[in-house]
Amino acid sequence: MLLEKILQSQGFGSRKYCQQLIKNGAICIENQVCDNPKQNFNLGQLHFQVFGEDYLYREHVYIALNKPSGYECSHQATHHKSVFSLLPEILIHRGIQCVGRLDQDTTGLLLLTDDGQYLQSLTHPRKHVPKVYHVTTADPVTTEQKQQLELGVELRNEKGVYAATGVELISENHLSMTIHQGVYHQVKRMLAAVGNKVESLHRHQIGLLELPRLDEGEYLYLTPSQKQLSQNIQLDV
Ligand code: URA
């Protein structure tokens, strides 16, 4: 692929801007300045430097963010900051999207990608990828409430019943539960349906992928294995 196209595909800006970067000597490949925008490179394991910073060519990106409270999952956030403000511009230029949404006050594992197929594989209603939440409740969770969550509850304006699996009481006001759909405010509405109220909500796991060790607001690129785990695919051992 032409160097100017490579840079553009990786989110460094328009074709024109990338040509300029290259002509200005900002790009190094294998420790050599490459100032010809039309030079061709093989993409497999291509490392390059832009203003001395290392990059690896990626056809698509798969990002895990430890979402803090107070951030909205939209580009045009209205009442809070946008999760996209936590990410560098090269990722935004690639057109990454959130893989499902978390409420502004929900924390924890948020995936983002520019790969439409991957996004579909996690969010399509027929896929039922499990998502594990840690929930703090306003009132102590009763045995009856736990059973109701497991049996399933109806939600206003939604078809069918919504049941949780792996409901575990961690303490009186704290439980862990897994949901298999992703309708609007699902966990909060399920807890309300059994007569309780969510005080705080944290997503701990998507598929088989647990939230990696990240401080709040930090992100990382998923490895191919982590990507598979997020799709609920067991790794070959
Ligand atoms: N369920 C909710 O109610 N809110 C979220 O952010 C995620 C799941």
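Two strands count as paired if DSSP finds at least two bridges between them, and the elements themselves are DSSP runs, with helices (H or I) of at least four residues and strands (E) of at least two, numbered from the N terminus. By that criterion, strand 13 (residues 165-171) and strand 14 pair in the antiparallel sense over four bridges, and the two form a hairpin with two residues between them.

The structure is a predicted model, in which local features need pLDDT of at least 70 and side-chain atom pairs count only at pLDDT 80 or more, while totals for chains, interfaces and linings use all residues. Residues are numbered from 1 along each chain as its sequence is written, and side-chain values use heavy atoms, with hydrogens and water left out.

An open sheet of four strands has the order 2-1-3-4, with antiparallel pairing. Strand 2 (32-33) and strand 4 (53-56) stand at its edges with a single partner strand each, so one side of each is left without a neighbour in the sheet. Strand 1 (residues 27-29) is joined to strand 3 (residues 47-50) by two bridges.

| Residue | Bridge partner | Strand of the partner |
|---|---|---|
| Cysteine 28 | Glutamine 49 | Strand 3 |
| Glutamate 168 | Serine 176 | Strand 14 |

In helix 4 (residues 116-123), Tyr118, Ser121 and Leu122 are buried, that is, under 20% relative accessible area with a 1.4 Å probe and protein chains only. These residues cover an arc of only 90° around the axis, taken from the directions from the helix axis to the C-beta atoms, which puts them on the same side of helix 4. Among the elements that cover them are strand 5 (62-67), strand 9 (106-113), strand 15 (198-206) and helix 7 (224-230). At the N-terminal end, helix 4 is capped by aspartate 115, a side-chain oxygen of which lies 3.0 Å from the backbone nitrogen of glutamine 117.

Methods
Buried means under 20% relative accessible area, exposed over 50%, partly exposed in between (1.4 Å probe, protein chains only). Contact means heavy atoms within 4.5 Å. A polar contact is a pair of N or O atoms within 3.5 Å; within protein, one must be able to donate a hydrogen and the other to accept it, and residues adjacent in sequence count only if both atoms are side-chain atoms.
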